[in-house]
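Please open the model in your viewer and keep the sequence beside it. The stops below are meant to be taken in order, with one selection at a time.

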Amino acid sequence: MLEIRNLHARIGENEILKGLDLTIPDGEVHAIMGPNGSGKSTLSYVLSGKPDYEVTDGSVSFDGADLLALDADARAAAGVFLAFQYPIEIPGVANMTFLRAAMNAQRKARGEEEISTPDFLKLVRAKAPDLGISQDMLRRGVNVGFSGGEKKRNEILQMALLEPKLCILDETDSGLDIDALKVVAHGVNALRSPKRSMLVITHYQRLLDHIVPDVVHVMHKGRIVRSGGKELALELEESGYAAYAQDAA
Amino acid sequence: MPAVQETVERVRAIDVDQYKYGFVTDIESEKAPKGLSEDTVRYISARKNEPEWMLEWRLDAYRRWLTMEEPTWARVSYPKIDFQDYYYYSAPKAAPKSIDEIDPEILKTYEKLGIPLRERDALLGIQREGGSKVAVDAVFDSVSVATTFKEELAKAGVIFMPISEAIREHPELVKKYLGSVVPVSDNFYATLNSAVFSDGSFVYVPKGVRCPMELSTYFRINERNTGQFERTLIIADEGAYVSYLEGCTAPQRDENQLHAAVVELVAMKDAEIKYSTVQNWYPGDKDGKGGIYNFVTKRGDCRGDNSKISWTQVETGSAITWKYPSCILRGDNSQGEFYSIAISNGHQQVDSGTKMIHLGKNTSSRIISKGIAAGHSDNTYRGLVSAHRKATGARNFTNCDSLLIGDLCGAHTVPYMEAKNASAQFEHEATTSKISEDQLFYCLQRGLSQEEAVALIVNGFVRDVLQQLPMEFAVEAQKLIAVSLEGSVG
Ligand SMILES: Nc1ncnc2c1ncn2[C@@H]1O[C@H](COP(=O)(O)OP(=O)(O)OP(=O)(O)O)[C@@H](O)[C@H]1O
Ligand SMILES: [Mg+2]
């Protein structure tokens with residue numbers, strides 16, 4: 001369970017999150033929608049512990065622990081996963097090598113054994129094809145030369161292998177063609193479980209047709225300004241965010 | 001080499017019970033008087049039972065050295081060296097008797113590198129007193145391994161032995177080639193080396209022979225004590241091939257602060273020499289105190305047509321590194337390569353690079369240099385590519401990438417190009433980058449620690465060069481890179 005209370009965060013002099021409240025119980029999928037620049041990606045970075053984002057007030061607890069007290073890698077080991085809006089390239093590091101290093105680092109942090117090479121290969125072979133990830137993409141440098149859609153699918157592969165407890169998906173649907181969208185949604189749905197919470201950031205109702213959320217939130221100027229069922233997404237698709245802009249003005 | 005060899009002989013000469021009381025003190029006693037004089041040179045030559053001509057060669061070098069000035073052009077700074085304050089012959093060094101006498105930092109590194117216990121003791125030069133079994137076993141092990149190799153090499157006609165032995169057993173080869181690539185008067189440190197060199201390897205691969213193994217494992221076990229003034233000479237005769245691997249990924253304990261090695265390679269017509277180095281001498285403590293000064297002259301001569309010499313180096317140790325493995329492309333169509341990873345951390349200073357001297361027609365060279373600077377270190381790539389008037393069709397490709405970790409270090413690229421004929425084609429690419437915060441965060445978000453993340457990104461950065469190393473060595477080098485960069489961020 002994720003509980004965010006009155007979260008204020010800034011980058012440099014700019015306060016971007018301005019008293020955000022959000023609770024995601026275990027097993028639920030929550031979607032966040034909101035205009036460009038409202039702070040959605042910022043929220044995902046603050047939750048995952050990116051340096052340079054300073055929390056000035058409020059609290060975040062995850063399964064009862066104070067998430068903000070942990071370093072980024074410790075949060076990852078505790079089960080926080082962020083599928084990046086813009087996945088990063090790491091030239092020269094084979095995708096496979098990266099996946100394995102990540103898995104083992106998390107295992108080590110949790111005091112578990114490293115995964116053996118055969119087990120790792122088996123796991124990757126089981127998960128990669130479903131996401132349309134070829135052998136070639138596994139051998140290439142992390143995200144290097146991947147198309148926009150390939151990068152996003154690669155994020156979901158990492159998520160599937162790392163089996164996090166909190167999945168934050170930042171615009172994973174942007175840049176995906178219709179078929180890829182279904183592939184990704186299928187991959188995400190396969191990970192839905194009573195023990196796992198998901199926060200899905202998107203601009204489009206379309207994704208939510210495939211990943212059906214339990215709750216939809218509207219974010220505006222660094223706060224959650226409205227929450228509702230999945231039908232809220234449909235309503236937003238119709239009317240846009242104009243109403244909220246007026247509220248805030 | 002001499003230390004081990006001698007140890008072996010001593011151990012053989014006595015039975016094991018006597019041995020444990022016997023040789024430690026004996027071994028410690030071999031030392032030339034401090035300082036450098038003609039007498040020192042004579043002492044060294046005598047200790048090695050050298051023929052007269054070798055002594056004369058050394059004395060000639062010594063006399064020239066007296067007239068030379070220490071070079072100051074490199075981007076390194078250190079207190080003035082008092083050359084009279086060193087021992088020029090002290091092999092083997094006084095051995096520590098137990099693991100407790102070794103710097104715990106070095107031990108930690110060994111653990112991280114996963115160096116087997118026995119090999120570790122051998123590298124540290126530990127001679128155990130009561131339980132002397134370890135040292136003996138290690139020694140005996142290396143003897144048997146060495147013998148197997150020797151037989152196989154002899155079958156192929158390859159000569160591979162300490163240079164001190166070659167001077168006695170193959171004087172005609174040594175006379176012909178020693179100093180023929182790096183002349184006695186080449187530079188201050190090379191001249192010093194010529195006067196006082198302690199030992200090193202000698203390799204001769206006869207015509208048309210492909211050396212049946214990497215000359216590496218042998219070296220690794222046997223040549224850990226070559227000392228401060230190593231001298232290596234490798235000759236690949238017409239159509240021969242040899243791959244030679246110097247060094248070891250474990251940090252070596254050594255009381256000698258000043259190191260000045262000379263390596264000469266000669267490739268005759270159609271021959272190829274591949275020379276790989278991993279240098280991990282002690283870099284000094286966290287304040288930069290006590291590290292090794294490493295002034296090396298390495299040069300290869302592509303003497304015959306269609307010959308090829310390839311240098312690959314991974315430099316992670318030493319307080320000061322001054323090193324430019326070079327190729328003289330004399331034969332037509334000859335090729336020179338230089339692949340380098342130079343890592344500096346803490347207060348290390350690295351000034352390294354290469355020289356590609358194009359003399360023959362249609363010669364080509366390729367330089368891939370990856371410099372990584374962290375901590376307070378300074379990392380300079382210095383490269384010279386030149387084409388002689390007659391070197392028509394000379395081609396060079398240089399790629400020089402620097403990676404900075406943190407704000408307190410520096411990376412510098414100093415390329416010199418001299419084309420004395422219009423048909424030469426030189427290409428130079430250089431980049432300097434920093435490990436991006438975004439890359440680091442991406443790795444951390446996946447659960448890697450800061451240090452793991454840096455090591456991973458750096459290993460990606462140097463991948464092109466790592467691939468040039470023999471497989472087994474590349475894996476070790478990769479681990480070594482991680483260890484060298486510890487504490488570089490956060
Ligand atoms: N490094 C930074 N320095 C200054 N301002 C920043 C920085 N990063 C983000 N911002 C600002 O913070 C605000 C919120 O950005 P954020 O990326 O969180 O928006 P978003 O809701 O994810 O938008 P989008 O829908 O376009 O992805 C924006 O006004 C942005 O310009
Ligand atoms: Mg965003």
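The tour that follows goes from the ligands to a helix and then to single residues in both chains.

This is a predicted model, in which local features need pLDDT of at least 70 and side-chain atom pairs count only at pLDDT 80 or more, while totals for chains, interfaces and linings use all residues. Residues are numbered from 1 along each chain as its sequence is written, chains are lettered from A and ligands numbered from 1 in the order in which they are written, and side-chain values use heavy atoms, with hydrogens and water left out.

**Stop 1: the magnesium ion**

Select ligand 2, the magnesium ion, together with Ser41(A) and Gln85(A), which coordinate it through OG and OE1 respectively, at 2.0 to 2.3 Å. Ser41(A) belongs to helix 1 (residues 40-48) of chain A and Gln85(A) to the loop between strand 6 (80-83) and strand 7 (90-94) of chain A, so the pair ties together parts that are 44 residues apart in sequence. Donors here are N, O and S atoms within 2.8 Å of the metal (3.2 Å for Na, K and Ca), and water is not among the atoms, so sites may look incomplete. Helices (H or I, at least four residues) and strands (E, at least two) are DSSP runs, numbered from the N terminus. Both Ser41(A) and Gln85(A) are buried, where buried means under 20% relative accessible area, exposed over 50%, and partly exposed in between (1.4 Å probe, protein chains only).

**Stop 2: ligand 1**

Which residues come nearest to ligand 1? Of the 15 residues around ligand 1, they are Ile16(A), Lys40(A), Ser41(A), Thr42(A) and His203(A), a residue being near if one of its heavy atoms lies within 4 Å. Next, show the oxygen atoms of ligand 1: one lies 2.8 Å from an N or O atom in the side chain of Lys40(A), and an oxygen atom of the ligand is 3.0 Å from an N or O atom in the side chain of Asn36(A). At Ser38(A), a backbone N or O atom is 3.3 Å from an oxygen atom of ligand 1. Taken alone, ligand 1 exposes 640 Å², of which the protein buries 61%; these areas come from the Shrake-Rupley method with a 1.4 Å probe, and for residues only the protein chains shown count as cover. Strand 2 (14-24) and helix 1 of chain A are the elements that give two or more residues to the shell around ligand 1, and helix 1 of chain A gives the most, with 3 residues.

**Stop 3: helix 3 of chain A**

Among the buried residues of helix 3 are Asn95(A), Phe98(A), Leu99(A) and Ala102(A). Just after this helix, Gly111(A) takes a positive phi of about 75 degrees.

**Stop 4: positive phi in two loops**

Most residues other than glycine have a negative phi. Select Asp52(A), in the loop between helix 1 and strand 4 (53-62) of chain A, where phi is near 85 degrees, a positive value in a residue other than glycine. Asp52(A) counts as exposed, at 57% relative accessibility. In chain B, turn to Asn333(B), in the loop between strand 11 (326-329) and strand 12 (335-344), which has a positive phi of about 60 degrees although it is not a glycine. Asn333(B) is partly exposed, with a relative accessible area of 36%.

**Stop 5: buried residues of chain B**

Lys323(B), in strand 10 (residues 320-323) of chain B, is buried with a relative accessible area of 2%. Finish at Thr316(B), in the loop between strand 9 (308-315) and strand 10 of chain B, which counts as buried at 3% relative accessibility. The side chain of Thr316(B) makes a polar contact with the side chain of Asn280(B) at 3.1 Å; a polar contact is a pair of N or O atoms within 3.5 Å, and within protein one must be able to donate a hydrogen and the other to accept it, while residues adjacent in sequence count only if both atoms are side-chain atoms.
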